Amino acid sequence: MRLILLGPPGAGKGTQAQRLVEKYSIPQLSTGDMLRAAVKAETEVGLKAKAVMDAGELVSDAIVNAIVSERVDAPDCENGFILDGYPRTLHQADAVAEMLAGKGIGLDAVIELLVDDKALVGRIVKRAEEAKAAGQPVRKDDTPEVFDERLREYYKKTAPLTGYYYAKGMLKTVDGMDTIKGVTSQIEKILGEI
């Protein structure tokens, strides 16, 4: 099972991905985690990424695409994976399609969590309050101001992916404002129909 979860920041993609990881025993592939792992493992592409990051620059799509390609070849991805935070742009979506086709595999579904933007701000504030109350560090992006900027960035660069995958007949949508259990149930229903 090869999946992409789409939705704006705070939509619950990470929470749902973890539930899918537990149920289907497939890894959640986060570009941030993959970059850190490639750098730590000192793979060829990891060393390229490290040089770019050490220079304070953003890692190029070409490097990110190579890291994702390398990670998808790992044994734990044999039965599938969940892409989290990737692709973020139409260019990356094309690269994913090309990379997977080159490996003789494809995506099974792209699931978008539809949410209400105003309610997301409330979720972010609540998440920050819960972290504080539990004595945990609060994510630096868990403020309404930073979140608003992340949301604008999402709509500018990533939201066009919904049309891209809809046109390919791959996009499925769920009500991301449902309870966590309710969203999981909607996703499982979609996966049961694949």
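1. Val52 is buried, at a relative accessible area of 17%; buried here means under 20%, taken with a 1.4 Å probe on protein chains only. The residue belongs to helix α3, residues 44-54, where a helix is a DSSP run of H or I with at least four residues, numbered from the N terminus.

2. A word on the source: this is a predicted model, in which local features need pLDDT of at least 70 and side-chain atom pairs count only at pLDDT 80 or more, while totals for chains, interfaces and linings use all residues. Residues are numbered from 1 along each chain as its sequence is written, and side-chain values use heavy atoms, with hydrogens and water left out.

3. What does Val52 touch, not counting residues up to four places away in sequence? The partners are Glu57, Leu58, Val59 and Ile63, with contact meaning heavy atoms within 4.5 Å. By C-alpha atoms, Val52 and Glu78 are separated by 30 Å, and they lie 26 residues apart along the chain.

4. Gln16 sits in helix α1, residues 13-24, and is buried, with a relative accessible area of 4%. Neighbours within four places in sequence aside, Gln16 is in contact with Leu5, Leu113, Ile180, Val183, Thr184 and Ile187.

5. Now for the helix pair. From α4, Asp61, Asn65, Val68, Ser69 and Val72 meet His91, Gln92, Ala95, Met99 and Leu100 of α5.

How values were computed:
Helix = DSSP H or I, 4+ residues; strand = E, 2+ residues; numbered from the N terminus. Buried < 20%, exposed > 50% of the residue type's maximum accessible area, 1.4 Å probe, protein only.
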